[in-house]
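Here is a short report on one protein model.

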Amino acid sequence: LGERGKPAPTTVNGTPLDIHYSITVTTNLCDNVRPLVLSINTTTNCAWHFVGHLLDVSEDPLFFLPGDFLCRDNASIHKAAETIGALQLVATLNHINFVATPTYSPEYNPVEYVIGWLREDMRKR
């Protein structure tokens with residue numbers, strides 16, 4: 001990663017590449033075996049990427065347990081009108097509850113701590 005607040009350069013053998021990545025992360029705060037799941041895309045995340053990520057995560061019958069809460073921030077991909085029905089279905093099938101954090105409050109979203117830790121770790125390399 002580059003300097004804090006600046007885009008991270010992507011290079012191969014010193015040659016810059018025009019590739020951008022987006023990451024969707026789901027953390028499980030109660031399980032040390034599979035504490036997080038990453039989905040990496042070479043395009044910008046969209047609402048359907050988020051739904052696809054949750055479907056991938058829910059394939060593991062032990063990741064979401066009945067009564068779990070899925071904390072999501074107010075990113076537009078988490079609440080897009082065209083995917084609300086699909087998100088409700090994922091929640092219903094997995095017996096989980098969605099919780100939206102207040103706007104501009106990353107301290108309430110555990111994944112923000114994971115992403116921060118990953119960034120710091122990558123900067124050290």
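Leucine 38 sits in strand 4. Helices (H or I, at least four residues) and strands (E, at least two) are DSSP runs, numbered from the N terminus. This is a predicted model: local features need pLDDT of at least 70, side-chain atom pairs count only at pLDDT 80 or more, and totals for chains, interfaces and linings use all residues. Residues are numbered from 1 along each chain as its sequence is written, and side-chain values use heavy atoms, with hydrogens and water left out.

Two residues can be set side by side. Buried means under 20% relative accessible area, exposed over 50%, and partly exposed in between (1.4 Å probe, protein chains only).

| Residue | Relative accessibility | Class |
|---|---|---|
| Leucine 38 | 40% | partly exposed |
| Threonine 24 | 6% | buried |

Leucine 38 belongs to a nonpolar surface patch with Tyr21, Ile23, Leu36 and Ile40. Together these residues have about 480 Å² of accessible area. Areas come from the Shrake-Rupley method with a 1.4 Å probe; for residues, only the protein chains shown count as cover. Patch residues have over 30% relative accessible area and no salt bridge; like charges are joined within 9 Å, nonpolar side chains (Val, Leu, Ile, Met, Phe, Trp, Tyr) within 5 Å. A salt bridge puts a side-chain nitrogen of Lys or Arg within 4 Å of a carboxyl oxygen of Asp or Glu. Strand 4 (residues 36-41) gives the most to the patch, with three residues.

## Threonine 24

Threonine 24 lies in strand 3 (residues 22-27). Leaving aside neighbours within four places in sequence, threonine 24 contacts Val37, Leu38, Ser39, Asn45, Phe50 and His53. Contact means heavy atoms within 4.5 Å. The side chains of threonine 24 and asparagine 45 also make a polar contact (3.0 Å). That term covers N or O atom pairs within 3.5 Å; within protein, one must be able to donate a hydrogen and the other to accept it, and residues adjacent in sequence count only if both atoms are side-chain atoms.

## The whole chain

The protein chain has three helices and six strands. Their order along the sequence is β-β-β-β-α-β-α-β-α. Of its 125 residues, 28% count as buried. Among contacts in the protein chain with a separation of 6 or more, 57% link residues 24 or more positions apart. The accessible surface of the protein chain is about 8700 Å², and 59% of that belongs to carbon and sulfur atoms.
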